[in-house]
Amino acid sequence: MLRKSLVTLAVSASLGLFQPAFADNSTGSIHGKAEAGKVITIKNKQTGFERQITVGNDGRFQLRQLPTGDYSVSDGAAQYDITVALGTGVPVNFNGATEVIEVRSRVLAIDTSSVESTSVFTAAQLDELPIARNMTSVALLAPGTVQGDAGFGNLASFGGASVAENGYFINGFDVTNIRNFVAFADLPYDAVSQQQVKTGGYGAEYGRSLGGIVNIVTKRGSNQWDFGGAVYYTPDSLREARSDTVTLDPEADYKQRYAYYRSAHTYDYLSYNAYASGPIIQDKLFFFGLIEGRKDEINTFGSTTSTRYEYESPLGLLKLDWNITDSHLLEMTYIKNEQDEDTLNFSNDEGVFYGTEHGTAGTPFTTRDGGDVKIFNYTGFLTDNFTVSALYGKMKNTADAKIPAEGPGADCPLVYDRRETPNSSQRIGCWGKDIDQYYQFDPLVGPEQDIRESIRLSAQWSLGDHNIKFGYDEEEFNSSKRGNNYSGGHYWRWHMGTGRAVRGVVVPEGQAYIRHLTRTVASGSYEVQNTAFHLTDEWQVTDNLLLSLGIRAEGFENFNSEGVSFVKGDTKYAPRLGASWDIDGDGTKKLFSTLGRYYIPIASNTNIRLSGIEYSTEEYFLVDSADEDPVTAAPTKLGAKLGETSYNGDANAPNPGTVAATNLSPMFQDELIIGYQQEVGDWSLGIKGITRKIKDGMDDYCSHQAFINWAEDNGHDDFDYHSMANCIMINPGKDLSLAIDLENNGQLTEVTIPKSYFGLDTYQRKYTAIEFSWEKAMADNWMLQGSYTWAKSEGNAEGYVNSTLEQDDAGLTQDIDNHLFQHGAYGPLPNDRRHTVKLFGAYKVSDELTISANFLLQSGRPVSCNGFIPLEQYKDELGVDYSGLAGYGASSYYCDGELTQRGDYGRTPWLKMVDMGVRYRPEWADGLTLQLDVRNIFNFQGVTEYNEKGEIGSGSAPEVNPNFLAPVGYQTPRRVSISARYNF
């Protein structure tokens, strides 16, 4: 499909024509007013790129899809110096202008040519602030963004959406990893020129996101030769210790005295880079190249083990810009971001618990992630009024590949022991514990990879009062899965009976029993194809009123490893409507509103989990502890079986019609924003109201009794639920259409089962917020920017991930595996932060010295109680689902047998954070910048997360968790970062 489009692109290019296309998202624009018939000339100060346009009879002009940077704009009499920022329009008014040069170097806070909710941060601004150098830290400066759960890494939640619902772009190319949506292509951050953060209201050219958009343009070469480098060091010696959590279990001995032990951890970060840029051909061909090295070391310590992590892989970026003519521009970007994590596990010496030094070293291994990114952009200004662009991008990513894949002990089975410590498992036997050797891998298949290949074509056509944008894009995302089974082919876990029932059989106190699992996953390659058309009319109804009328048509299709489509929805239409009213006509007061619908595709991880070949068994046996192999610790002789064996899946790929509802609708939400901005002196003030609501969610349903009940009610006496897939992708709260083997004869029949059989509520998530923002650009030696957001995020499902369980299977959480998981699920969601105050700014003490600060005050996240479903209470209702639900952890809202409600247990404490920075640029060393940043300068140690598991043990024998509500995480303590940059 993509190859055909590439051929079409090549043919169109040869004719100088392009099909309707996806609007470019790596540029900015200039618009303004001048005398009709005047010729407006713009010139990029760095590259010499120049364009001219004649002012129309209405006295307006606009130049779009301009590379970001500094420009001079002239009508032949007066001239302005301006900065074109990413995704924003700069107004220029020549009416009444005199023959003077006005400098407008800042990014304007009020952009009356746009209806989107956007913040733009330039490299120069970010260099002033004491914040970390990465996409997420910068995105968190924008209103409406909050830090996501630490279990998913450093990710942000936008507008109540989960951290897996954002889009990430570099130079116009979507670099989001849609295996599970919680990763994106990295790059050396000193190569970033501008970062745009879209928190809502984005136009029809953007899609596949319910949260926000992080949009980056990299630095580029110019006519001036430029060289330099930087060193950034955050030493462990200038870092405060992390906080420990002492166990709340009164029966715990000294070996288990900490629930969470972190005070001995060490973190030492060092990165350094060098760059060069300049003209290969003056005014025509430019390059920018940067390479970044790093030497990071992290040491973590536990009760009896410790680990050392080392990172030394370099990152690199090369950017070429070719101004073929002033009407045809070509760009190429190459990013190398493959990174190795070298890991070495240690075992403490005999009798040492919670140590501060490493013990006996195990077997080292490396985890590889990342790969490279290639991006090609073309922009053609075919006439004054018609502009086209085309993009081709390809991203390769190795998905957490362990090297070597297998180490010593790979032939030994996994064996755990809970006989003496029923609430925690001890690893025993000969399996490769020192490298977490859980699996044996398919020797014929290499490391898992994700490959994204995309084309985007776009055009903009100015027709009087109308600016028409139309476009098309398509992408193929391919994820490979490396087959595996448990180390040694088996999983064993020893238990000691307590007089309670296991699988319906009472195990006497003191009687040993064992859990046995097998699991096989076949290798395969899985593809996702996404397409989109869009059309937008930006209609300048009057001089002051702009209407944006857009529509986006999206298609999603997912394939199994045999290339057969198992999910293909009808084309979905997403209207995007917006209005911007320049109240006084001078850009100082703006009233705006947007109303839009947004869809998100199905992750490729869903292809792997639902349509892949995966099967497993689970069974329990009585066993004599004496029958234990002295080497493997596995049982050598089994006693009576407890209950029946549970079987999940089989050795054949499921029929595509059986793993997803044939009437499945992609997840989507509707959004309404109404806002007002006004300039008051040097300040820009704003207020905005936002509401977002999921209208149709999707997830996997992993129960079967509902199908049995329906079959019985409809006379299908030969129906066997074993013929069905283990889990099925559905829209909860809707009737389900599915292909089922009704008569157990291998013949599938598509049927529609009423929603009443499943007992599921509709997918619910609603976000409501009011944002106040303020900004004072750098003037009189100081700048300040900030926001206050009141927000409420509630529902019965967080979204594509589950933060409470730290489950990152996008769209495959356990939220609707059975209707009992929805009991008590409605309430404030994990990313619900009712109050957030952000404030950051800088003050120039002198030409040499600048001080800066970043402040955060934020209310806590909700706290719930998670426990086991009371299986005996629902045994008759559950039927065949009883045994399957027995294998789930403490993850429902039933605690100690009683139903609780999401958020019943209050909230974590308010977070307070103050970062401070000092920057010194000595006059005696032109080009040198020395900077010291102190993050969390007051060393606030607020709790960020509590243990929300109210029960431990197993579903058949649950126990009260003594560490329920014990602190799990604290704020990162005070640390000092030192940097030196030199440019010449």
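This is a predicted model: local features need pLDDT of at least 70, side-chain atom pairs count only at pLDDT 80 or more; totals for chains, interfaces and linings use all residues.

Trainee: Which way do the side chains point along strand E2?

Mentor: They alternate along residues 39-44.

Trainee: How many bridges join E2 to strand E3?

Mentor: Five, and the two strands run antiparallel. Lys43 has Glu50 in E3 as its bridge partner. E2 and E3 form a hairpin with five residues between them, and Gly48 in the turn has a positive phi of about 80°.

Trainee: And what about E2 and strand E5?

Mentor: Those run antiparallel too, joined by four bridges. Thr41 is bridged to Ser74 of E5.

Trainee: Switching topic: is helix H4 largely enclosed or open?

Mentor: Seven of its eight residues (604-611) are buried, so H4 is largely enclosed by the rest of the structure. The buried ones are Ser604, Asn605, Thr606, Asn607, Ile608, Leu610 and Ser611.

Trainee: Now the surface. Which residues form the nonpolar patch?

Mentor: Trp539, Val541, Leu549, Leu577, Trp581, Leu591, Leu595, Leu672 and Ile674, with about 720 Å² of accessible area together. Strands E44 (572-582), E45 (589-600) and E48 (667-680) each give two or more residues to the patch.

Trainee: Where is Trp539 found?

Mentor: In strand E41, residues 524-540. Trp539 has a relative accessible area of 31%, so it counts as partly exposed.

How values were computed:
Residues are numbered from 1 along each chain as its sequence is written. Side-chain values use heavy atoms; hydrogens and water are left out. Buried means under 20% relative accessible area, exposed over 50%, partly exposed in between (1.4 Å probe, protein chains only). Patches are made of residues with over 30% relative accessible area and no salt bridge: like charges are joined within 9 Å, nonpolar side chains (Val, Leu, Ile, Met, Phe, Trp, Tyr) within 5 Å. Accessible areas come from the Shrake-Rupley method with a 1.4 Å probe; for residues, only the protein chains shown count as cover. A salt bridge is a side-chain nitrogen of Lys or Arg within 4 Å of a carboxyl oxygen of Asp or Glu. Two strands pair if DSSP finds at least two bridges between them.
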